[in-house]
Amino acid sequence: MRARDTDWDGVRLHVVTGKGGTGKTTVAAALALALAAGGDKVLLVEVEGRQGISQVFDLPPLPYEERKIAVAPDGGDVYALAIDPEEAMLEYLEMFYGMRRAGRALTKIGIIDFATTIAPGFRDVLVTGKTSEAVRRKGKDGRRVYDAVVLDAPPTGRIVRFLNVTNEVAGLARVGPIKNHADLVNGVVSSPETAVHFVTLLEEMPVQETLDGLAELRAAGLPPGGIFINMVRESLLPDSVLEAAAESRFDPAELALGLKAAGLTDGGSAAVTVAEALTEEITEHARRTELERDERLALEGAARPRYELPLLADGVDLSGLYELAESIRTQGAA
Ligand SMILES: Nc1ncnc2c1ncn2[C@@H]1O[C@H](COP(=O)(O)OP(=O)(O)O)[C@@H](O)[C@H]1O
Ligand SMILES: [Mg+2]
């Protein structure tokens with residue numbers, strides 16, 4: 001493991017949650033790259049069976065097996081694992097009961113589907129168990145195989161149940177392999193080697209979900225991580241202009257004169273139309289900026305480390321992903 005001075009030194013499991021669509025998968029992928037940068041080995045795990053990781057890295061669908069998918073800046077490797085809950089169940093049956101074949105037959109008649117659907121706690125413990133095993137796994141040299149594991153986790157509304165497997169499976173298994181799995185997971189996720197990060201936008205709903213999620217996490221005794229504010233737009237105008245515009249004190253006539261002075265229009269009636277349209281846009285921009293400021297303040301109240309990631313104008317391609325990773329490193333999150 002490289003020498004570090006980051007906000008999360010000592011954390012081995014980075015759980016990334018957030019409201020759906022805020023960029024959970026993107027941020028998890030960028031964080032994995034940032035953590036690997038400089039020569040570390042990081043595993044990026046996906047649990048929802050959506051093949052989001054392969055899409056972000058522009059790869060064909062990932063199999064249910066750990067494989068190297070990217071090289072980080074200054075060396076370092078990112079491995080990925082797309083956990084398929086059904087495969088995890090088969091693996092489990094084989095490991096503990098030597099009944100993979102029987103498992104396949106059970107799949108055919110829908111028993112596995114039934115079990116993973118009817119008892120989500122059971123499915124979750126298989127998935128989190130697999131992840132926790134990767135976190136704790138040691139090589140022949142006695143050292144951890146992965147310096148860090150990043151989990152692209154379920155959305156905020158389900159995160160505590162997902163991680164709190166001990167409670168969830170208490171009714172299912174008091175002894176036996178499932179119980180051992182749950183104990184392993186519990187040992188990892190409630191320890192200081194885990195941090196649960198939130199991805200949000202500067203919008204009311206995701207911010208509220210972040211604050212609620214943090215409170216729920218604390219109540220469950222799970223370790224809160226940082227807040228990744230994603231898709232942040234640059235403010236294009238000085239504060240004084242924004243303030244005036246937000247309070248509708250922005251004067252289109254003045255703007256028309258300014259446009260003329262700058263040689264952008266000839267000052268005729270078209271100039272007035274342009275100035276009016278611009279004023280509308282500026283006012284809209286100013287109102288949004290004001291709302292964003294309120295959301296920022298609300299997030300500050302949570303007193304967690306915060307990181308801002310830019311809205312990439314061309315969407316997130318591979319180079320955009322590395323750009324986000326760099327931003328995560330510069331801000332000290334990795
Ligand atoms: N910083 C960003 N700038 C521009 N587009 C982004 C950014 N982060 C995410 N996106 C885009 O937003 C969409 C949702 O992101 P994704 O990571 O799949 O979200 P989630 O996993 O939360 O559903 C994707 O199309 C992704 O490329
Ligand atoms: Mg996703």
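Predicted model: local features only at pLDDT ≥ 70, side-chain atom pairs only at ≥ 80, totals over all residues.
View 1. L291 belongs to helix α13. Its C-alpha lies 47 Å from that of I178. In sequence, L291 and I178 are 113 residues apart.

**View 2. The packing of helix α12 on helix α13.** Helix α12 spans residues 252–261, and helix α13 spans residues 269–300. The crossing of α12 past α13 is right-handed.

**View 3. Residues in the contact of α12 with α13.** From α12 come P252, L255, A256 and L259. They meet A271, V274, A275, E276, L278, T279 and I282 of α13. By class, the contact holds 9 nonpolar residues, 1 polar and 1 charged. E276 is the charged residue, and T279 is the polar one.

**View 4. Strand β7, largely enclosed.** Strand β7 covers residues 224–232. Of its 9 residues, 8 are buried, so the strand is largely enclosed by the rest of the structure. Buried here means under 20% relative accessible area.

**View 5. The pairing of strands β6 and β7.** Strand β6 (residues 194–200) runs parallel to β7. The two strands are joined by 4 bridges. One of the residues involved is V196, whose bridge partner in β7 is P224.

Terms used:
Residues numbered from 1 in each chain as written. Chains lettered and ligands numbered in written order. Heavy atoms only, no water. Axes fitted to C-alpha atoms, helices over the stretch in contact; angles between N-to-C directions. Left-handed = near helix turned anticlockwise from the far one by under 90°. Contact = heavy atoms within 4.5 Å. Buried < 20%, exposed > 50% of the residue type's maximum accessible area, 1.4 Å probe, protein only. Pairing = 2+ DSSP bridges.
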